[in-house]
Amino acid sequence: MVKSAVIFRSSPRENGNTNSLTDAVSAELKQSGCRVTEFDLNDMDIRPCTSCRECQKDWTVVNCAQYDDFGTLAAAVKESDMIVLSTPIYSWYCAPPMKALLDRMVYAFNMYYGEKRGPSLWEGKQVAVVTTCGYPPEKGADLFEEGIKRFCRHSKLEYLGMICEQNKGYQLAFMDEKKTKHAKEFAEGLLK
């Protein structure tokens, strides 16, 4: 059973659709006794990966040659059972701070890119996705979900699934009873 989760939020709109959906998932996780740590990636300094491979030199630690907020995020990942990626879909993929974080994590946690192939330092952690998009999910979020599934296989992580809700127009209220129910059921499923 999941005892702790880290939620990485990458929506640039504090009160936007993705954060509203994530709030519902987070509330249910907390209500069920899960310890939840949350980060708003837009408020953090997460530089792009430079592929310098400095992180590959010591297989016993997750590290990076860049001195930004990645170390704080990596520590939260190491202390959690589950990673929840919360992002709106822009151009069929995640928002920029999420992409920067994913690139940094795939190098720093996977010792696959040095002189010899080493271990995955986060093997077995669980991953879930909370997202919103303007298209029906099967046409808007499908490419991102496939990317995350591959990311998980590559990193030896357990993919738990995705909740995606469609925004049918800015003039309409986004959250409703149906979406709230979906979020609750999704969170309950993550904890099983």
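Trainee: What makes the second largest pocket, with about 160 Å³ of space, a pocket?

Mentor: On a 1 Å grid over the protein atoms alone, a pocket is an open set of points with protein on both sides within 12 Å along at least five of seven lines. The space in this one comes to about 160 Å³, a volume being what probe spheres set on the points fill. Keep in mind that this is a predicted model: local features need pLDDT of at least 70 and side-chain atom pairs 80 or more, while totals for chains, interfaces and linings use all residues. Residues are numbered from 1 along each chain as its sequence is written, and side-chain values use heavy atoms, without hydrogens and water.

Trainee: Which residues line the second largest pocket?

Mentor: Pro 137, Cys 164, Glu 165, Gln 166, Lys 168, Asp 176, Lys 178, Lys 179 and His 182, since lining means having an atom within 4 Å of a point. Strand E5 (158-166) and helix H6 each give two or more of them. By class, the lining has two nonpolar, two polar and five charged residues; Asp, Glu, Lys and Arg count as charged, Ala, Val, Leu, Ile, Met, Phe, Trp, Tyr, Cys and Pro as nonpolar, and the others, Gly among them, as polar.

Trainee: And what lines the second largest cavity?

Mentor: Here a 1.4 Å probe fits but cannot get out, which is what cavity means. Its volume is about 40 Å³. Ile 83, Leu 85, Leu 102, Met 105, Trp 122, Val 127, Ile 148, Phe 151, Cys 152 and Leu 157 form the lining, and ten nonpolar, no polar and no charged residues is the tally. Helix H5 gives the largest share, three residues.

Trainee: How many cavities of 30 Å³ or more are there?

Mentor: Two. The largest holds about 90 Å³, and among the residues closest to its centre are Cys 49, Cys 52, Cys 55 and Cys 64.

Trainee: Why are H1 and H6 called oblique to each other?

Mentor: Helix H1 (residues 17-31) and helix H6 (residues 177-190) pack at about 45 degrees, with axes 8 Å apart. Under 35 degrees counts as roughly parallel, over 145 as roughly antiparallel, 65 to 115 as roughly perpendicular and the rest as oblique, so H1 and H6 are oblique.

Trainee: Which residues make the contact between H1 and H6?

Mentor: Contact means heavy atoms within 4.5 Å. Leu 21, Ala 24, Val 25, Glu 28 and Leu 29 of H1 meet Lys 179, Ala 183, Lys 184, Phe 186, Ala 187 and Glu 188 of H6. That gives seven nonpolar, no polar and four charged residues.

Methods. Axes are lines fitted to C-alpha atoms, for helices over the stretch in contact, and angles run from 0 to 180 degrees between N-to-C directions. Helices (H or I, at least four residues) and strands (E, at least two) are DSSP runs, numbered from the N terminus.
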